[in-house]
Amino acid sequence: MEQEGFPLPSQIADVPGAENWRSMYQYFTRFAPDDDKRFWFYNSMHFPEPMPAFDTVTAEIPYSAIGANTARLFVFPTTLGIEHRIVNGRVYITANPVLDPAEIGRRAEVFGPRAGYYFENWDSLYEGWKERMRGLIAEIEAITVPELPEWEDDSVVFEARGVAQNHYLRENFARCLALYSKMWHHHTEMLMLGYGAYVVFFQFCMQAFPEISDQTVARMVAGIDVIMYRPDDELRALARLAVDLGVDDLFTEGCVAADVLDALAARGAAGQQWLDAFAKARDPWFHVSTGDGFYHHHLSWNDDLTVPFTALPGYVAAVRAGTMRVRPTDQLREERERIASGYRELLTTDDEKAAFDQMLGLCRLVFPFVEDHKFYCEHWFTTRFFQKIKEFGALLARQGVLAEAGDVFHLHHTEVDQALSDVSLAWAAGTPPLGGAHFPPIIAERKRMLKVLRDWSPPPALGPVPEALNDPAVRMLWGVTQERIESWLHPSTEEMRGVAASAGVVEGVARVLQDVNEIGEIREGEILVCPVTAPSWAPVFGKIKAAVSDIGGAMSHAAIVAREYGMPAVVGTGDATKRIRTGDRIRVDGDRGTVRVL
Amino acid sequence: VNDSPAGLCQQESFALPLAAAREAATAGGKGASLGELARAGVTVPPGFVVTAGAFTAGLAAIDPDGALRAAVESVPAADIGSIARVAAACRERVTAAPLPPAVASAIESGYAALGDGPDVAVRSSATMEDSSAASFAGLQDTYLGVAGAGPVLDHVRRCWASLYNDESVAYRRRLGMAERDLAMAVVVQRMVRPRAAGVMFTRSPVTGDRSVVAIEGTWGLGSALVAGDVTPDSFVISKITGEITSRRVSAKGRIHSFIPNGRGVSVTDTPAELRERPCLTDDEIRALAAVARAVEAHYGAPQDIEWALLDEPDAPPAEPAPEPSPAERVVLLQSRPETVWAAKTAPPVAAPKPRPADHVLALFGKPASWI
């Protein structure tokens, strides 16, 4: 008998052909010998692909912020921060517990008043939070990338500014990172407490109603007017406007965004009116990312109009046919109340009912933040952030350091800073930068390695199996439970397991989409199989009959939208997009959380 | 349920139409419960109850001076050999002796009212309060696929005799129960020919969760499940959301079905195409859950229910109707209070705290609440 368990970090061999992967990442992300003693799991939820060098900033900065929040800011009694390591391009994480009872007690004394203050003032703090976040977004939007002119502008002299443009290369780049870091500090500012409220209610429900599904608990809590739905709502409104203005003939299946926009411009007042409405909707709603904001290539609708223009023809047709679905918010609200009071009635004592009311009330208090922060942080801000970094990439390309703007994402931010120093020196000296000979071969090698690393199947976990892992927070955030670890140890060959996200069982033909830009390919009645869904995918939910994703939990976007549409969904399968091929007949069991190829 | 025929009324101390069965002391637990279900509008197979009074009359005829019962009472609880001997003697007497004419004719007319020599199930219905005592009667106390007045009389006697199986007698001796108080009713019901049958609980038998209905079922008669001949399909459905939160479909190797004309029950291999097919559709699961909830609401306590799902409504409509709905095809064979979880006292899950946020503070203050 082989010993049961996961490989140790030190036992992971370099992927052949990508032995040099370490050169892409910082020394502090590497496994150290002592790390063999701890349990790590692959954070496939946030990092389903090998990390381009720049994109490691989406681990480095969030984990700096989360850990600071739990360990140092609120002083959570039982937890310090989350540590991350990168091996063969993949991000593994572990949480750092506080185990000494005396230390837990000491921390609890600080934690109580601090956390209590946030809960007691939640709504007004959240209003302030939104203000600060809008401020950060305005700041990042305002950052300029220096042009490096032949000579400085007159004003620098006659207004005695005295500072040349090359100075702003590094200052403004550093400013982008600083703002990104602040955004993440605010992201976690209220989130851990918000999740805490959910976990408490979740635990209560699980104890009182052991058979209750994750999705049912989520339904009692979920908000109705969530801004996550807004981008899709805007699109529907634009479809309606197109019909009202009589320009709907331009929105045909397979239409190309640029052509439609040109044609609208030639349609006089009606066309202009639509274009004005379109421009208004784009900022901010089209900053919605096609991913979760953890990779530079998860573009927003604004970066690539393919997604909205794939959805528009269908919406236009629905408006014409009078079948346009409007989110039945009243009905959803009623349903939410009916479920909550149904469970409440089953509680046997008044004490339990009172506790239930407190916990549910707290959840509903914090949930607008929990649900809406993503749009501000991972979508709106992050879209702007990556756009700005790409502008720096364009500058480096113009200076001959990079072959193209996008190559900037294959440099770690400290390397981008080096390249900017190089450019700054060269511009000052009046010579070409030396990076043109230095970076291109490195970048070419990294691109090649990332391709190789993509085919590696990372073990779901590393290190010794923990004795107990029924932690509700880890379960909620990452779907890591004892059963999940068990299924990692004994994977089923025929069946994929995930989170039962939306009830029902259907069979149908799979459509595997690696990228949201492929959504034009999906046909009516197919089952969507995709890595992860974000709000920008919402338009396809009107067409499909079930959804399967590699990544996500009961509160993930795919799960929430699928429940609203009443279609079965299994999320967080890990590798459904690898194991299922387009055209396969599959059975999606949204009750049990399984997917099977028939 | 058939109306009570005139003949039955005059002898109602010995036989009662199901709808008139009320008291457990008269009709036994099963009979009274079926009566109550029928009166509550739940479909149960038509039938009648041979009352506890009939048993008492029958035993008075067999054991007029009480010597037989005195013999049972004199056996020491620990003397297994003597218990076996005395119990066997009682069973032989009860099975062999003819019934008093008034009892026999009450049963015969009750049976005649069910139709032209139909196949029936003859099921014992204990009058004892203590349900664990009743459970000693075991599986032998239900006879399926009995037809003809003579065989029905025989099987009523066999049900009575099951009170004298070794375990039941030993149990009564251990508790020092008086034999003269002993009685049993017998339920006689028209056989159903279910597509699928099984049991359901209005709370989870595994976790005690009251928010779900747990259903177990198999193809054909539920006896396959009760006898442990198959691993049933099992389904869990939420009472609140109607979602089917768990479904386990088993390979159901055998089917029990009754052979018409009193030839009992056949056990056959399940056709290959049915073995791993769920025995219930989602609509049928929902229909069963709805009936279960109605019964639970009627009794005001969680129930343990035997159900059958027919191909057609038990009472065919007067006019040809479209495809019958699942709800019209559900019949119940028994409902009794759930006892396992009812006996447990669970501590309250949580109590309110001074401030709602205190719940969260408590969670994060607990060691190991976060890895």
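This is a predicted model: local features need pLDDT of at least 70, side-chain atom pairs count only at pLDDT 80 or more; totals for chains, interfaces and linings use all residues.

Residues are numbered from 1 along each chain as its sequence is written, chains are lettered from A and ligands numbered from 1 in the order in which they are written, and side-chain values use heavy atoms, with hydrogens and water left out.

**Interface**

Chain B puts 37 residues in contact with 56 residues of chain A; contact means heavy atoms within 4.5 Å. The size of an interface is often given as the accessible area lost when the parts come together. Here the buried area is about 4000 Å², and carbon and sulfur atoms give 66% of it. Buried area is the accessible area (1.4 Å probe) that two parts lose on being put together, summed over both.

The rule finds 2 salt bridges between chain B and chain A. A salt bridge is a side-chain nitrogen of Lys or Arg within 4 Å of a carboxyl oxygen of Asp or Glu. B:Glu243 forms a salt bridge with A:Arg219, with the closest N and O atoms 3.0 Å apart.

On chain B, the elements that give two or more residues to the side touching chain A are strand S8 (233-238), strand S9 (244-248) and helix H13 (357-365). The largest share, 7 residues, comes from H13(B). Helices (H or I, at least four residues) and strands (E, at least two) are DSSP runs, numbered from the N terminus.

**Aromatic rings**

Over all chains, the whole structure holds 40 aromatic pairs. Rings of Phe, Tyr and Trp (its six-membered ring) pair if their centres lie within 6.5 Å; planes under 30 degrees apart count as stacked, over 60 as edge-to-face and the rest as tilted. Two pairs are tabulated.

| Pair | Centre distance | Plane angle | Class |
|---|---|---|---|
| A:Trp21 and A:Tyr25 | 6.3 Å | 45° | tilted |
| A:Phe375 and A:Trp380 | 6.2 Å | 45° | tilted |

A:Trp21 and A:Tyr25 are both buried. Buried means under 20% relative accessible area, exposed over 50%, partly exposed in between (1.4 Å probe, protein chains only). A:Phe375 is buried at 4% relative accessibility, and A:Trp380 is buried at 13%. One aromatic cluster includes A:Phe119, A:Trp285, A:Phe375 and A:Trp380.

**A loop residue**

A:Asp407 sits in the loop between helix H12 (350-398) and helix H13 (413-429) of chain A. A:Asp407 is buried, at 4% relative accessibility. Leaving aside neighbours within four places in sequence, A:Asp407 is in contact with A:Leu402, A:Ile443 and A:Lys447.
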